[in-house]
Amino acid sequence: MVTKNEAWYAGETAVGGVLAPRASTSAVSWGAVLAGAAAAAALSLILLLLGVGLGLAAASPWANDGASAATLGVAGIVWLAFTQLAASGLGGYLAGRLRVRWRDTDADEVHFRDTAHGLLSWAVATLFTAAALTASVGAIAGIGVKAPGVAATAANAVAAAANTTAGTAPSANGGAVAAPSALAAPSASAPALSQDAIDAARKTALWMFVSLLIGAFTASWLATIGGRQRDRFE
């Protein structure tokens, strides 16, 4: 049964004043969306790791050697855009190609659904990749926080061994020997960010925004291509 306020559209017929029942299932093929998102996230992580490796290989700790900071910055932006283009395109295409076929559906509606499937696959892949990178950065930051304490302990041990070798007995109460000023741990107070660092962070955020927009558009567009090919070959 249909409600009295349900609109009748062109092409719909009714028998005895009652419209034919419509399917109540969702038009979203979540299996295809998740498959495309998984492929996009995996390719994105692979390309990001490759980009980090290439960047470290091009950099050099010595002055006037290796790629400059400006060159590495431009290369990083280009690689980030390429990563979004490739990963989002793959995810969107798979989401459109693997979805179910919507029979007896208007061509414009099929086009919209394919676009939505590509956008959903891009969104899920982006959230997953962001969560994975956040967890990785958090683990690295935790290791960095523990490093000064380990360095200070090692410095104390080295100082104690040096004093013992020189004939100076360690403290009678067994306490740790204070490290020399040259081996002291760095101050906990971090210096204020410079204007160059702020500008670099701002430009990085803006280019990341642009690359994400490129990924969303590419995923939506290639999902329509995959959807048309899926309907053509079935």
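1. Let's start with how α1 and α2 run relative to each other. Helix α1 (residues 30–58) and α2 have axes that come within 8 Å and cross at roughly 160 degrees, and they are therefore roughly antiparallel to each other. Angles over 145 degrees count as roughly antiparallel, under 35 as roughly parallel, 65 to 115 as roughly perpendicular, and the rest as oblique. The axes are lines fitted to C-alpha atoms, for helices over the stretch in contact, with angles from 0 to 180 degrees between N-to-C directions.

2. A word on the model itself. This is a predicted model, in which local features need pLDDT of at least 70 and side-chain atom pairs count only at pLDDT 80 or more, while totals for chains, interfaces and linings use all residues. Residues are numbered from 1 along each chain as its sequence is written, and side-chain values use heavy atoms, leaving out hydrogens and water. Helices are DSSP runs (H or I, at least four residues), numbered from the N terminus.

3. Helix α2 (residues 69–98) packs against helix α4 (residues 195–233) at an angle of about 25 degrees, with the axes 6 Å apart. That makes α2 roughly parallel to α4. This contact holds 14 nonpolar, 11 polar and two charged residues, and the crossing of α2 and α4 is right-handed.

4. Which residues of α2 are buried? They are Thr83, Gln84, Ala87, Ser88, Gly89, Gly91, Gly92, Ala95 and Gly96. Buried means under 20% relative accessible area, exposed over 50%, and partly exposed in between (1.4 Å probe, protein chains only).

5. Do find Gly31, which sits in helix α1. Gly31 is exposed, with a relative accessible area of 54%. Gly31 and Ala95 lie 64 residues apart in sequence and 8.4 Å apart in space, C-alpha to C-alpha.

6. Most residues other than glycine have a negative phi. Asp104 is not a glycine, yet has a positive phi of about 55 degrees. Asp104 is exposed, with a relative accessible area of 86%.

Technical notes
Helices (H or I, at least four residues) and strands (E, at least two) are DSSP runs, numbered from the N terminus. A crossing is left-handed if the near helix is turned anticlockwise from the far one by less than a right angle, and right-handed if clockwise. Ala, Val, Leu, Ile, Met, Phe, Trp, Tyr, Cys and Pro count as nonpolar, Asp, Glu, Lys and Arg as charged, and the others, Gly among them, as polar.
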